[in-house]
Amino acid sequence: MISGEAIQNEIIQKIRSGGQTELGMIYEEYRTEFLHWITKEYDCSMDDGKDIYQLTILIFYDNIKKGKLEHLVSSVKTYLFGIGKNLAKDNMRKEKKFVPMNQEKWIKQYLIDEPDQQIDENIFALARRALEQLGQPCQRLIELFYYENKNMTEITEAMQYKNPETAKNQKCKCMARLRKLVDEEIKKNSNILNHEAY
Amino acid sequence: MKPTENDITLVEKYFDSELSAEELSYFNTRVEHDENFKALVQREKIIIGAIRNQGLIDNLLYLKSIEEKIQGDQSFPVASGIKGWYYYAAAAVIALLVAVTFLLPGQESNDELFMAYFTPYPNVVEPTLRGNDLRTDRTKVFQAYENKDYQSAAAGFEAMINIKEEPGILLLLGNSNLMLGKSEEAQENFITLIRNYDDFDLQAKWFLSLSYLKSGDTENARKILEELGETEVSYASRAKELLEKVD
């Protein structure tokens, strides 16, 4: 019989090598229990609970992809509830009661607050705009590399490139195009930017 | 001052963890003493942050699409979320098989069956965010599909696959064509998807059978429905796999 810890770590391994399918599986697996717990514990509505749960799953997934979470000594459930608890407490810190969350804003702050980031918010907004202009398949490719942390062999398979070298060349070209678009955006908006920060 | 290609490569290699110990030491010295180089590093950091932001938003939208499906599937307690689609499809396949086998007097019934069983596949390929002001042409096409403007969506998806074929786009293009009454075009889309890709192939088979039904090709519709009926629903096989490991 396989131990509980081995099963938890197998889940982590599956998420690390997987993608949205695994993300969806985890979401469905703990959803009912999490929503029941958070709505009772923090007296929030079901919709607020869902917002927290979605962010919880995103953090869990991101921690695995970044290599921050490699194995669990407790269970996935305990880990998720821990993240949820922190999110709920953080939400209630200012108002002393649960306030609806702006998830997009929260994600932006999550990235800006990452250790060693010191990201300028204005340029960050322009980089996001540039990324939208980049289009597909470049967007997907660099997202697989920098967000999903997929290697070139995995990207070759996912995006049906000829071989990992082609995928790597394509990634470099996409990044070069994106840098150019970011520079153009910065130039266009130079009057509203604080150049010192850049 | 314009950065050199070498500097850009050095920065890219740093963020891709590809620097040798010697290169890393050189990189750190440059960051410490060269303000222009430091700015280059900062720009790359922001760009990667923006890419990660997009990844997080995409996954958030994906989770929201699952949540919507769970809400929609509440009358189907057997399964929830994205997997619920498979249960729905499996149940519908069985019902449709029975109907095709026993109740098929003619073309009119085929149309009725099509009407009864066809619901366009939701846009879980690239869900759009309401109120998002960063709208690209691509996003507009997906929004047209979500807004049931199948004429614009079909034209947009067609243009996209002319540039690069993608399984999700083929599935939505096929659905748009079905909504526009273009069964043969839809069949072509689904057949291409089934032949060339593993993603969305079960969904494509389901919609292909419906499009055959719509065009009166009962024999082919039945063939695909039988094939679909023999497949296992994803949760069942996963449960068996887990059970083997536990034992």
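A polar contact is a pair of N or O atoms within 3.5 Å; within protein, one atom must be able to donate a hydrogen and the other to accept it, and residues adjacent in sequence count only if both atoms are side-chain atoms. By that rule, 14 residue pairs are in polar contact across the interface of chain A and chain B (both at pLDDT 80 or more).

A word on ground rules: this is a predicted model, in which local features need pLDDT of at least 70, side-chain atom pairs count only at pLDDT 80 or more, and totals for chains, interfaces and linings use all residues. Residues are numbered from 1 along each chain as its sequence is written, chains are lettered from A in the order in which they are written, and side-chain values use heavy atoms, with hydrogens and water left out.

**Where the chains meet**

Let's start with the interface. Chain A brings 59 residues to the contact and chain B brings 48 residues (contact means heavy atoms within 4.5 Å). Between them they bury about 5100 Å², with 58% of it on carbon and sulfur atoms; buried area is the accessible area (1.4 Å probe) that two parts lose on being put together, summed over both. Glu28(A), Glu132(A) and Arg179(A) supply 14% of the area that chain A buries against chain B, more than any other three residues.

Arg179(A) also takes part in a salt bridge, that is, a side-chain nitrogen of Lys or Arg within 4 Å of a carboxyl oxygen of Asp or Glu. Two examples:

| Salt bridge | Closest N and O atoms |
|---|---|
| Arg179(A) with Glu44(B) | 2.8 Å apart |
| Lys50(A) with Glu67(B) | 3.5 Å apart |

Lys50(A) lies in helix H3 of chain A and Glu67(B) in helix H3 (residues 35-72) of chain B, so this pair joins two chains. Helices here are DSSP runs (H or I, at least four residues), numbered from the N terminus.

Helix H8 (residues 152-159) of chain A packs with H9(A) at an angle of about 90°, their axes 8 Å apart. Axes are lines fitted to C-alpha atoms over the stretch in contact, and angles run from 0 to 180 degrees between N-to-C directions. H8(A) and H9(A) are therefore roughly perpendicular to each other (65 to 115 degrees).

Worth a look on the backbone: Gln136(A) and Pro137(A) are joined by a cis peptide bond, with omega about 5°. Pro137(A) sits in the loop between H6 and H7 of chain A. In chain B, Ser17(B) has a positive phi of about 55° although it is not a glycine.

Terms used. Parallel < 35°, antiparallel > 145°, perpendicular 65-115°, else oblique.
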